[in-house]
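Visitor: I should like to learn how to read a model of this kind. Please take me through it feature by feature.

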Amino acid sequence: MAVVSNRLPAVGRAAHRRVPLRVLLDRESVFSWLMMAVPLLFLAALVGYPFVYGMLLSLQDRPVAQPGRFVGLRNFAIDFRDPIFWRVAVNTFIYTGVATVLKMVGGLCLAVAMNQHFRMKNLVRALLLLPFIVPTVLSTVAWMWMLDPAFSVVNRLLVALGWPKPGPSWLGDPILAMISIIIINTWRGLPFYGITLLAGLQTVPAELYEAATIDGAGGWQRFRFVTLPLLRPIILIVTLFSVIFTFADFQLVYVLTHGGPQNATNLFATYAFDIAMGAGQLGLGASIALAMLPALATLIVALTIYMRRS
Amino acid sequence: MVTGHGRLERAVRLWLPVGFFLVLALFPFYWMAITSIKPNAELYNRNVMPLVVHAPTLKHYVDLLTKTNFLVWTWNTMLIAIVATAISLVMGAMLAYPLARMRFAGAGLIAMTVAAIYLVPQPLLFIPLADVINRLDLGNTLTSVILTYPTMLVPFCAWLLLGYFKTVPKELEEAARIDGASRVQTVLQVFLPLCMPGFISAGIFAFTLSQNEFLYALIFLTKTTVRTVPVGVIAELIRGDVFYWGQLMAGALLGSIPVALIYSFFVEYYVAGLAGSVKG
């Protein structure tokens, strides 16, 4: 006994001096931080740093390939006195608002229509999702051709149905151009709503509908008092998601209209691109991109908290 | 049971709305396809019925493949998408595993940060990133986009995998631990093989997102030999005010095929990922 009790503390001390890696890794905190170190450093370097650097850029007069000069809030002052900036802000809110409502209502209709039993349902669902998975730039080019001033197939169909020749100038008229980008954004985003809401619908227990039917509820009432309340969390998340990415949309507008005609479809992202990459004013461009931050940050914080809670 | 009335009702309630959405979703692709095989004489003739092809030709495809760098762009796009997806899956799993399985101080904060980064759209970052890429002298290299795509894909994969990891029962890992396996062995040999469906979902999603990316590729890649399909098509098939519509549509169609093919093989995983991407 005495021998053992004499040796044990020695072993303990040795273990203290050099803990084997295997033992260290058995500690959950050590293991976790070691494992997360690489991705966290990566994100800090290529998301965290650019984010802070973008804020610093927005406070500088910084022509491309030249050193920057600190100018305080002057870039933001320039933005606020720039009528195009306000036009861009209004455009972005209209585009986001209208497209979101269309996608939400359309997506809900699509989900309800698809939530029936029929043959080849999986095939239909796969085909309906195609607009969402095909690269945006490529499908937008197809829309551009469909709305071409001279050979628009949409207009040829309209004229065949009795519309006066030559039909609407989709991309040449300020209001029609805005309508066009909203329609195409809706076309692409609607399946995302539809299929995620369909996944939500399929989790609604059939008993609830049966119970509601027995209580005398009609189709609309079942939808209004059973389906909608149960879908509310997923509708909220999908909508917040899509609002964030619609608000910051770039590709569609850049390809289809370049923000024209006369800035009628210019959004924050495309305008920031024009100023930073076209005119070479990195500081001013950064300030325009950052003007999205208050709205985006509110949405991101709300969604992050909501996703963590659920 | 199926009476004339029932069939009519079914047609109105099912096939009318579903058919409407199908036509809406697919018409642009139909239009892409038939434009790409119409001869120019037919494309730019307003007296021909436009909805069908009268004299199909493969000329636009031949021109696209021989007179432009389309094949190079396709190769670049695939290479970038595959490497960026692989990096993102590995790094995403490295973030997701501890968050799903371990208890440590700060886990909540890290999870929040990852979710928030996942929601930061590119237009907020592209101007400072362009300057960073310039200073690193990475302009016009595939490395520039292989490095920057994972900034959006890593948080995304981490989030999707986190959701999946939580559904895998802990008992097998605990049994392995009791049998004397180390943590690393447990993760690599017991846990990860159970998570293949989660990795396929996240991988397909990351792959389609990489193929879709445009803004970073547009800014960082300005030489024709390093361009991706979307940037090449926009920058080189539209020359000034001249549109080569036949070639453009052929390019758009060919450019969509890799994504559409992979998607069609794994559509169930994709839909699962779609539902998982908006779940907490």
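Guide: Of the 280 residues of chain B, 45% count as buried; a residue is buried if 20 or more other C-beta atoms, placed from the backbone, lie within 10 Å of its own, exposed if 12 or fewer, and partly exposed in between. For chain A the buried share is 40% of 310 residues. This is a predicted model, in which local features need pLDDT of at least 70 and side-chain atom pairs count only at pLDDT 80 or more, while totals for chains, interfaces and linings use all residues. Residues are numbered from 1 along each chain as its sequence is written, and chains are lettered from A and ligands numbered from 1 in the order in which they are written.

Visitor: What is the mean pLDDT of chain A, and where is confidence lowest?

Guide: The pLDDT is the predictor's confidence in each residue, from 0 to 100. Where it is low, the predicted coordinates should not be read in detail. Chain A has a mean of 88, and 94% of its residues reach 70 or more. Confidence in chain A is lowest in helix α1 (residues 2-17) of chain A, with a mean of 47, and highest in helix α13 (residues 251-256) of chain A, at 95. Residues 1-15 of chain A have pLDDT below 50, and beyond near neighbours in sequence this stretch has zero contacts in the model. Two residues are in contact if their C-beta atoms, placed from the backbone, lie within 7 Å.

Visitor: How many helices and strands does chain B have?

Guide: Helices (H or I, at least four residues) and strands (E, at least two) are DSSP runs, numbered from the N terminus. Chain B has 14 helices and two strands. The radius of gyration of chain B, taken over C-alpha atoms, is 24 Å, well over the 19 Å that the globule rule (2.2 Å times the number of residues to the power 0.38) gives for 280 residues, so chain B is more spread out than a compact globule. Its C-alpha atoms fill a box of roughly 75 × 70 × 30 Å along the principal axes.

Visitor: Into which domains is chain B divided?

Guide: Domain bounds come from an automatic or database domain assignment. Chain B is divided into domain 1 (4-57) and domain 2 (69-277). The centres of these two domains of chain B, taken over C-alpha atoms, are separated by 33 Å. Seven residues of domain 1 of chain B are in contact with six residues of domain 2 of chain B. On the domain 1 side, the largest share, four residues, comes from α1(B).

Visitor: How many residues does each chain give to the contact between chains A and B?

Guide: Chain B contributes 73 residues and chain A contributes 80 residues. On the side of chain B that touches chain A, the largest share, 13 residues, comes from helix α1 (residues 4-36) of chain B. That side divides into 59 nonpolar, eleven polar and three charged residues; Ala, Val, Leu, Ile, Met, Phe, Trp, Tyr, Cys and Pro count as nonpolar, Asp, Glu, Lys and Arg as charged, and the others, Gly among them, as polar.

Visitor: At what angle do helix α15 of chain A and helix α6 of chain B cross?

Guide: Two packed helices are described by the angle between their axes and the distance between the axes. The axes of helix α15 (residues 282-290) of chain A and helix α6 (residues 126-135) of chain B come within 9 Å and cross at roughly 145 degrees. Axes are lines fitted to C-alpha atoms, for helices over the stretch in contact, and angles run from 0 to 180 degrees between N-to-C directions. From α15(A), the contact is made by A:Leu282, A:Gly285, A:Ala286 and A:Ala289, and from α6(B) by B:Ile127, B:Pro128 and B:Asp131.
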